[in-house]
Amino acid sequence: MPTVDIDPDELRELTGHEEKSDEELQADLFGLGLEFEGRTEDGAFELEFAPDRLDRLSVEGVARSMRYQYGDARGVHVPATNSAEWTIRVDESVPDERPYVTGAVIRDVDLDEESLDSLIQLQEKLHATMGRKRAKGAIGIHDLTMLRGSPATEGNPTIEYVGIDPDGDRFVPLDSDAELTPAEVLEEHDTGRTYADLVSEYERYPAIYDDIGLFSFPPVINGRRTEVSTDSRDLFVEMTGTDQWTIDKMLNIVCYALAARGATLEDISVEYSDHELVRPDLSTKTKTVSHDRIETILGIDLDPDEVIDLAERSGLDAAKEEGDNDGELVYEFTVPPYRVDVLHPLDIIDDLGRAYGFNELEPKYPDIGTVGGRHERSRLEDATRTQLVGLGFEDLLNFHMINEAENYDRFDLDPDADVYGAGEPATIKEPYSEDFTMLRTWVMPSLLMVLERNTHRAYPQHLAEIGFTAAVDETENIGIDERRHVGAVLANHDAGYEDAKARLQALARRFDVELETPPTEHPTFISGRTAAVVMDDEVVGVIGEVHPKILVEHDLEVPVAAFEFDLAALE
């Protein structure tokens, strides 16, 4: 899960509760769903947060939520904006791959080291989440005083968003003293090399100009001329991306964070060839939820005034209305502009439940005629897990989601190959992160990722997981073949095929299944040191020594022997 670093002293200052101890703050944060993961070297809280609440990616957003929790703030707050004095004009030369832009002017912001660090952290966290590592949206923040133009001149000063040749105009990027073309930035600058893949295939590169010249090369890097410092008081915020809604919502989160520091927001006119927008878009949206549904989901009785009170303490507004059904009580909830997570009435009910306090809900048996029990598959998993631990393996629980490179490419595996672990992936249509775009087809990638991240730890490392896998299968009624796999790896200086087979044999004996291991070929394993796992005359898995090129790909310097098979084979 994503984490955010929050200075507890700054949090106390922004909430107005200087009396709160660190322990009390941690308890209050937990009530918001923010889990304390420890402290940084500087003493800041390291908080794990739900990735849906992106408005809490900064200390300002967390403080706002806590003020609502404490009852110090109520209802929807929409900051005022001054009329637009600046214009962003979108030229027809802008690359089709990145056609959208938005922005705002921020005036009279008081930046010290802490608030500047918070702004930079918010920028990078938004890049990593909503911005999909800058691919979908990228943020540029500039010192407005360094841009050519003044409200005193005739007409609005204009910023141009254009497309330029890779070897076009030169500029001095951040963390550099040399003038470089955009193409040279991608080749010679550390940040440029990091994000080169985002634009390297474009015929023309995105660029933003003022009257002086090029000052931003989105989504790669800003120019040094407009670098923001603690002396900056007026800021120009621009965002480019592949989707207008995404960058507009990213902008709202940044604007709210800076407004919490006492800054004044100013509109910007965005001129496309066929229409004009005024940004930031701080309009609210509404959701309608019935009183009965709220009580049913939360399992408590509430009177209408309580519902409205809970809504206002969640940062929402609520108004009673009459529903379509006779006598039905419904509420129209107003959602503030910074909330990108409210997509369904259940999101509203979740807010009401948190304001009420989930720990205040009394557990009770559901009004049904049966009592739940452990599923047979769960019993089998527990029994298998116990045996694996007894055989010296450390039990793991990994994410079910992964990406194509980790699942296939790093294992020299073709999805269409007729080998264990291959198969057409069940992909996510709109993935939230490039790291998690599909459901894994086998457990082995997850296990080697753990080994890769633990090369600093002592060997041997014997790891095992019983985990969920999936692949497209049109013969299944849901179109997906869902399975539980047993995977295990042995990493040590003398790990070999015999070690893995001995443990697999012991496991098979415990469940009274007949095991055979005829030779086979698999691109992930060494030829001649690989076998199929056959249980009760059915091929259910693979066992072998991981190929050296796979070990090198995962930065592993010791041999690894492994096996994986379908859990159902032990039934």
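The protein contains 15 helices and 25 strands, where helices (H or I, at least four residues) and strands (E, at least two) are DSSP runs numbered from the N terminus. This is a predicted model, in which local features need pLDDT of at least 70 and side-chain atom pairs count only at pLDDT 80 or more, while totals for chains, interfaces and linings use all residues. Residues are numbered from 1 along each chain as its sequence is written, and side-chain values use heavy atoms, with hydrogens and water left out.

Taken along the principal axes, the C-alpha atoms fill a box of roughly 85 × 70 × 50 Å. Of the 571 residues, 51% count as buried, that is, under 20% relative accessible area, with exposed meaning over 50% and partly exposed in between (1.4 Å probe, protein chains only).

Helix 10 (residues 345-356) packs with helix 8 (residues 291-298) at an angle of about 60 degrees, their axes being 10 Å apart. Axes are lines fitted to C-alpha atoms, for helices over the stretch in contact, and angles run from 0 to 180 degrees between N-to-C directions. Helix 8 is therefore oblique to helix 10; angles under 35 degrees count as roughly parallel, over 145 as roughly antiparallel, 65 to 115 as roughly perpendicular and the rest as oblique. Arg293, Ile294, Ile297 and Leu298 of helix 8 make the contact with Pro345, Leu346, Ile349, Leu352 and Gly353 of helix 10, contact meaning heavy atoms within 4.5 Å. These residues comprise seven nonpolar, one polar and one charged. Here Ala, Val, Leu, Ile, Met, Phe, Trp, Tyr, Cys and Pro count as nonpolar, Asp, Glu, Lys and Arg as charged, and the others, Gly among them, as polar.

Helix 10 also meets helix 9 (residues 304-312): the two axes come within 8 Å and cross at roughly 90 degrees. That makes helix 9 roughly perpendicular to helix 10. On the helix 9 side, Val307, Leu310 and Ala311 touch Leu352, Ala355 and Tyr356 of helix 10. This contact has six nonpolar residues, no polar and no charged.

Elsewhere in the protein, helix 13 (residues 444-452) is largely enclosed by the rest of the structure, because eight of its nine residues are buried. Among the buried residues of helix 13 are Leu447, Leu448 and Leu451.
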